[in-house]
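Please read them beside the sequence and the structure.

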Amino acid sequence: MSTTADSRTALRICPLCEATCGLTLTIEGTRVTSARGDRDDVFSQGFICPKGASFGAADGDPDRLRTPLVRKDGELREATWAEAFDAVAAGLRPVVERYGPHAVGAVLGNPNVHTMAGALYPTVLLAGLGTRSLFTASTLDQMPKHVSSGLLYGDANAIPVPDLDRTDHLLLIGANPLESNGSLCTAPDFPGKLKAIKARGGTLTVIDPRRTRTAKLADRHVAIRPGTDAMLLAAMAYVLFEEELTDLGELAELVQGTDELREAVRDFTPEAAAEACDVDADTIRALARELAAAPTAAVYGRIGSCTVPHGTLASWLVDILNILTGNLDRPGGALFPQAATDRTPRPAGPGHGFALGRWHSRVSRHPEAKGELPMAALAEEIDTATAEGEPIRALVVIAANPVLSAPDGDRLDKALGSLDFMVSVDPYLNETSRHAHVVLPPPPPSQSPHHDFAFNTLAVRNQVRYTRAAVPLEPGRMAETEILARLVLAATGMHGAEPSAVDDLVIGQTLGKAVKEPHSPAHGRDPRELAAQLTGETGPERRLDMMLRLGPYGDGFGVRPEGLTLEKLLDQPHGIDLGPLQPRLPQPLKTRSGLVELLPQPLADDLPRLRDALRRRPEGLVLVGRRHLRSNNSWMHNIPALTGGTNRCTLHIHPDDADRLGVTNGAPVRVKGAGGEVVAPAEITDAVRRGVVSLPHGWGHDRPGTRTTHAAENPGVNVNQLLDGSLLDPLSGTAVLNGVPIDIAPTGTTP
């Protein structure tokens, strides 16, 4: 940090997307006036995108709520923090006591993983409530990858990432990192890393129905029919087996089920997949051969291959291709990151494995996945009575806006209005939080500390960084960590206790377990003595110190004096580089066999559905979403600097389709799906293939009762209103958001 007479600078890790870039903020008084990339950051090395550059505008948005809101006589009114938490305790506890814990639902949005508070407290809240009614953004995005990883490796969070800095051949399917900055692959300057692959003689292949900015950079762009990703990947696996191109290398002793896998993909010939995917058989064979021939290679799939009818199978097949070519757990391939706050690595060996469907949703009997129910089922779990138990009568919503992000927002909008009680932790009064009985607003990010617990487990280089709040907490504000700690207390019958009790409880439980684990550096020691060694100014900092000390690089509470502690991390404000990703197998495996299980039964049971899809060719137009570099779901449309230009809610349509349907550029077009219809301006472009139209995600800011002034001036339309929520990937419960059949027509005519 540096200071002048008029301003000072402070470091901050950007929380606005998964790239986690280091920022240098210029601050005048308590206002962030500018942000630039931190050139000395060990991970991002000065890279910044338009979102990071607009940090000050997002931080100082005048529409951010400053005080709690409590509903009185039907209206949300400003209240004190004490009044707000009194209302939370009075609203939640009677529901639990009368109807049971499952009558209280929890909804977690993806901003949770961008904050320390969101990483540290929701799990405590859920454990305290004892509810199984959990819904998160994962079933609108990434759950297929968690499920496939759980089935392959026994751990739903063991997700290998492409080794971007060393690979010779990168195949992207359903991913557009030049505009998303990456997802489930934390990589500052993802565009620069892709360009570096090409500069060193490597190859970039992109499979996407749209000619995205990433596709334009590729050596080969394959414009696949949306929703057929798993068929193409299965056909590539077929070619690897048929042409004897498989080479597991050092993985051979760590996998089981190779022969069964060969048999399972025998029907997915390139010729069979070609018509369904609209990719000729020769191209499919070439993709497989190029992957096998590369000195090192990695396949990486993201949201376009997850939010489709066969999302879990596609996610599984991404890893299968990496395994069959010997590129899993290999430098230049796909490796498992090792975060500094990971649990103490246990010795390799069999684990408990991963199970699906341990319980089911009450109405449609959807199986849980990773402890979660499908977000698409939230409305029916509230508004539909059954004999299977109580509907959800109260809801805790943390950093989520499912009215815009989940299918059929109109139905969910009505359902939220029927709840007995709802509390929302959100900086805005948005399309979802407007229904709350209590709104608890966290402070802007400049007033919060930051460490990336989740994203460091997905980072393309091992490193650790922590930044304290750049600006002191304003009078009348409450730290987000304290908000969530007090929410835990109010929801679990401990209202009025000190929020530090939550951190003390977690520290006691964690150290109590650590001293009993033979592989832990704390084994056999006194947990109270260890707790007394923790440093930090707050409970969350003490918890971070504990996790660092117990982690793979930690000092083990003095066992390894050279190891990490919070004090050592604070001494390195630009972070500590922990080196490139390293091979880690078999240690991460937690399957019952202790091996990578190539064909787990749930996946084998789902393959007939994929075989049936080979014979179906959808008629008419299908819809896909798209990302904007200056946006992140529904978060940032209230920031003038991040809207306008290309960041607009328009319907992309191919010139041939537009001509056939009588659609003219800029004219309003009526789009109709199973869940409803919207009207959006047409943008005619050959960036989408024929038969495909595209609307961006996160728009539709036109509902009454919100306080997002700029977003309401340019509301766009909610693409998810075209969906009725009935289309899900059955293994993961993830909503099908891409490859959805729709009808369109110029306004004034009927689709």
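1. L92 lies in helix 3; helices here are DSSP runs of H or I with at least four residues, numbered from the N terminus. This is a predicted model, in which local features need pLDDT of at least 70, side-chain atom pairs count only at pLDDT 80 or more, and totals for chains, interfaces and linings use all residues. Residues are numbered from 1 along each chain as its sequence is written, and side-chain values use heavy atoms, with hydrogens and water left out.

2. L92 has a relative accessible area of 0%, so it is buried (under 20% relative accessible area, 1.4 Å probe, protein chains only). Leaving aside residues up to four places away in sequence, L92 touches V104, A394, V396, F421, V423 and A491 (heavy atoms within 4.5 Å). V104 is 12 residues from L92 along the chain, with 7.6 Å between their C-alpha atoms.

3. Other buried residues of helix 3 include W81, F85, R93 and V96. Helix 3 covers residues 81-99, and its 19 residues should span 27 Å at 1.5 Å a residue, which agrees with end C-alpha atoms 27 Å apart (the expected span is 1.5 Å times one less than the number of residues). Just after helix 3, G100 has a positive phi of about 100°.

4. Elsewhere, the axes of helix 10 (residues 229-242) and helix 15 (residues 311-324) come within 9 Å and cross at roughly 25° (axes are lines fitted to C-alpha atoms over the stretch in contact, and angles run from 0 to 180 degrees between N-to-C directions). Helix 10 is therefore roughly parallel to helix 15 (angles under 35 degrees).

Note on methods. Helices (H or I, at least four residues) and strands (E, at least two) are DSSP runs, numbered from the N terminus. Angles under 35 degrees count as roughly parallel, over 145 as roughly antiparallel, 65 to 115 as roughly perpendicular and the rest as oblique. Buried means under 20% relative accessible area, exposed over 50%, partly exposed in between (1.4 Å probe, protein chains only).
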